[in-house]
Amino acid sequence: MAAPRTALLAHLQTWRPYTLWYPGLVGLAGATLAGAHPTTGQLMVAWAAPTLGWVASHYLGDYYDRDLDALSKPQRPIPSGRLSPRTAVAAGIGCIVAVAALALWANWRAVAVAAAAMAGIVAYSRVLKGRGLPGNLIRGVLTALTVLFGAMAVQPWPPWRALPFALVFLAHDTASNLVGTLRDVDGDREGGYATVPVRRGLRRATHTAAALYLAAVAVACAATGLVPRDTAGYLVLLSAAALCGAGAFGLLLRSPGHLAPALALRAHAVLVAERLVLAAAVVAAGAGAAPALALLTPLLAVSVITQSRMRSRHEFPAPPLTDGGPTLPEPRP
């Protein structure tokens, strides 16, 4: 039983359960903005297809990052030998095929959006991740496409009011992805990845991410007039998300020039929770606060719990052992 259990855990770690609920919630947000009365099947497609695409991005991303991870994160499933590269590719392709099938079932026009998203996943994982801001931007584009896909799961074309909300997620996830690079500067530099903090420094990267986040909040506020149903619920949840974001960037901006990896991870962990609140705000805009909160409450709880139990071990190698027990690594300057 040990081998199947080990393999299952390796797959679970690859899925990153603390991030797994976000793309589906964004897809539902797009569906609620469609202005129709979606069926259960349409809502399931709006949730499931983006979630499978997200899982595919992790499998393929870990496959393409396997050499880099062998240097800086050898505990991860592929470099540790618990998940073979071939299995990761097969699982990623399987998820992509499932996304295409769901898109075709819901709305043949949505296949083009799904195909663009899958191409973006491969481009990010294979080429753009180590190219600085374009790599961060493509991650934002993927989430913007998720909003449009969710709307197209309900009706043939996304309504115009969905576009500003797609821009919100574009700017937000570009910022969030950029924050995610702040903790990996040494490993990325060693592996030849020219991320923004590697090329421009932590201060420039932090300020760029903060500016993008402020742009996302500004567009979200400007889009209030386009809310089709529950303006009050939307604004309350948007305010809660903005407060979480302010807390995350407050951690970063207090020490942008000498940011410890653990502090950068903590700030990004806040954004992982914050973006669920942001997606729920858009769900409230189209469906009302009650269903948005009914979704958000358990998903946020699961995300916070799994993140606290799994993420540090996924991001940082175990500390070296000495005769006196484990020794924590020296803080990076």
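Mentor: Start with helix H8, which is mostly covered: 16 of its 19 residues are buried. Buried means under 20% relative accessible area, exposed over 50%, partly exposed in between (1.4 Å probe, protein chains only). Helices are DSSP runs (H or I, at least four residues), numbered from the N terminus. This is a predicted model: local features need pLDDT of at least 70, side-chain atom pairs count only at pLDDT 80 or more, and totals for chains, interfaces and linings use all residues. Residues are numbered from 1 along each chain as its sequence is written, and side-chain values use heavy atoms, with hydrogens and water left out.

Trainee: New topic. At what angle do H5 and H6 cross?

Mentor: Roughly 160 degrees, and the axes of H5 (residues 85-106) and H6 (residues 110-126) come within 8 Å. Axes are lines fitted to C-alpha atoms over the stretch in contact, with angles from 0 to 180 degrees between N-to-C directions. That makes H5 roughly antiparallel to H6 (an angle over 145 degrees).

Trainee: Which residues of H5 make the contact?

Mentor: Ile96, Val99, Ala100, Ala103 and Leu104, against Ala110, Val111, Ala114 and Met118 of H6. Contact means heavy atoms within 4.5 Å.

Trainee: And Arg16, buried or exposed?

Mentor: Arg16 counts as buried, at 10% relative accessibility. Arg16 lies in the loop between H1 (2-15) and H2 (21-32). Arg16 also has a positive phi of about 55 degrees, although it is not a glycine.

Definitions and conventions:
Helix = DSSP H or I, 4+ residues; strand = E, 2+ residues; numbered from the N terminus. Parallel < 35°, antiparallel > 145°, perpendicular 65-115°, else oblique.
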